[in-house]
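Please read the numbered points with the sequence and the model at hand.

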Amino acid sequence: MYTPPPGQPYGTLPSGGGGSGRNTRRKAVVIGAAVAVLLAAGGGVYAAVSGGDHDKKPTAASTTTPAGQDRRDPTPEPTGDGEATGGRGRGESESDPNDVRRAGEAKVLYQTPAPEVSKKGLDVPGFWAMKGYVVKAVEDKIVAYKDDGTKKWTLSLPKAVCAAPNSTTNGEVVVAYEGHGKDSCSQLALIDLDKGVKVWDHDAPEEGSFGGGHTNMGMAQSGDLVGMSWFGGSAVIKVRDGKEVALEKPSPGCSVDGYAGGKALLRAYSCTNGTAKLQKVAPNGTITWTYVVRKGYKVDKIFSTSPVVIALSDQDRKAGGILAISDRGKERSALAVGKQSYQPLCGTDLFGTHLGSCQGVAASMDTFYLPTEMAQDSAGGSTSEIHAFDLDSGKRKWAAKVAGRMLLPLRMDGKNLVAYEEPSYDEAGLVVSIGPDGDKPKTVLKLPQATREAENGFYSATHDYRNGIFYIASNRITGTEGTSEKLIMAFGS
């Protein structure tokens, strides 16, 4: 597994302001950045991967921040829909935003204030939107909130959750929490997300973990399998009992970079001789197919596991490309991204163990959707676009544009794409629908002006739209004094 030396750049947004009101503290990958590399072997055009225009050498940071032992109850009561709120500055009262809701605006179903946590700048991985409720992990608590804002259940773990997959299996998910060693994310537990109970609990596999130091743990779940990778090791276990699967090991001199889950489980690994491979893992733990990456490149991000869409990078993590891979493990197309800069939200990933963590992308079986970087238009304003790519030809099918704010794909709704228009400096965000021909975005939910500041105040967040409800859930609690930082916000019609 390639590890960049200290100080080397990878995947951050430029610092400073912008015309959209977008929170530029949030990390992202910019693909394109005015450089295209033509790889002679296959004739495909591959966009470069780099930082933003104002930060050509951004620094990367660990995505796992262990928490201390002194914790307070991180499960504050949610507010909204007529209830008295307690979310300003962690306890200071504020008015109900629904009392000042304007015509046409969505209702705030609830908003949960960010809790007191053991340290500032704490990562809080783990958010799952279920039918009628959502589940959020915060330090050593996992809490389920019904869509009316009331708590469904609360589960306590011995220590803080430090890694979690973004997909579930039959309402169950395997999470990792802190072990005994420093920075060790080595304990595993299967959580029943309906009942709020722990089904099993035991140590993570030790192979390659340098004596138990499971740092920078990345997790991906699909079916009955969970793929895990950490600095120096990797493993696959079964969801139902946590037992390790004897998966085919990479060749000598090679190591697993990471996994991506959801509809399928994919594994990427690279070797010291400059070769790399992508593999699909069958439900029984065997390898279904292997795609051999061009020498000198490796799998950098897995945007989708079905259909398979991946980004490549070279050993310096500066150049790469976007490929669609067929369900037989053959190259389906190379997306014609040219010199355009694209900006999915992928977070910082120093050791490359979080391959499937990107947000702001979406895929149907024949189309892949990518957001562009914010750009200046001829009138001096700023615009962003979503580009739709045909996965069979690699060609761009259409572009949908909005002015003054970032436009991010969320998910497919039948043949339509649901997207999020982030808030600007003076307007709240929108959830929109874009038809299969790329027509003008149609508003699905107009978020309330009264919560614009809170909506824009997340340092890093997961966005999801299910069953007519739009969720924003924090991935990191900054602990900044005097702010009305939120843990979860939910909006509906």
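**Notes on the predicted model**

1. Glu 139 is located in the loop between strand 6 and strand 7; strands here are DSSP runs of E with at least two residues, and helices runs of H or I with at least four residues, numbered from the N terminus. Although Glu 139 is not a glycine, its phi is positive, at about 50°. Glu 139 counts as buried because its relative accessibility is 3%; buried means under 20% relative accessible area, exposed over 50%, and partly exposed in between, with a 1.4 Å probe and protein chains only.

2. On the basis of the work: this is a predicted model, in which local features need pLDDT of at least 70 and side-chain atom pairs count only at pLDDT 80 or more, while totals for chains, interfaces and linings use all residues. Residues are numbered from 1 along each chain as its sequence is written, and side-chain values use heavy atoms, with hydrogens and water left out.

3. A second residue with positive phi is Asn 170, also not a glycine, with a value near 50°. Asn 170 belongs to the loop between strand 9 and strand 10. With 79% relative accessibility, Asn 170 counts as exposed.

4. Strand 9 is joined by 2 bridges to the antiparallel strand 10 (residues 172-177), and Val 161 stands opposite Tyr 177 of strand 10.

5. How many disulfides does a search of the whole structure find? There are 3, a disulfide being a pair of cysteine sulfur atoms within 2.5 Å. Counting bonded cysteines along the chain, the pattern is 1-2, 3-4, 5-6.

6. Another disulfide joins Cys 254 to Cys 271; the link is right-handed, with 100° about the S-S bond. Cys 254 is in strand 16 (residues 254-260) and Cys 271 in strand 17 (residues 265-271). A disulfide is also formed by Cys 346 and Cys 358, with sulfur atoms 2.0 Å apart; this link is right-handed, with 110° about the S-S bond.

7. The largest nonpolar core has 19 residues, and Tyr 110, Val 134, Tyr 145, Tyr 471, Ile 477 and Ile 488 touch the most other members. Such a core is a set of buried Ala, Val, Leu, Ile, Met, Phe, Trp, Tyr and Cys residues joined through side-chain atoms within 4.5 Å. Leaving aside residues up to four places away in sequence, Val 134 touches residues including Tyr 110, Phe 127, Tyr 471 and Ile 488, where contact means heavy atoms within 4.5 Å.

Notes. Two strands pair if DSSP finds at least two bridges between them.
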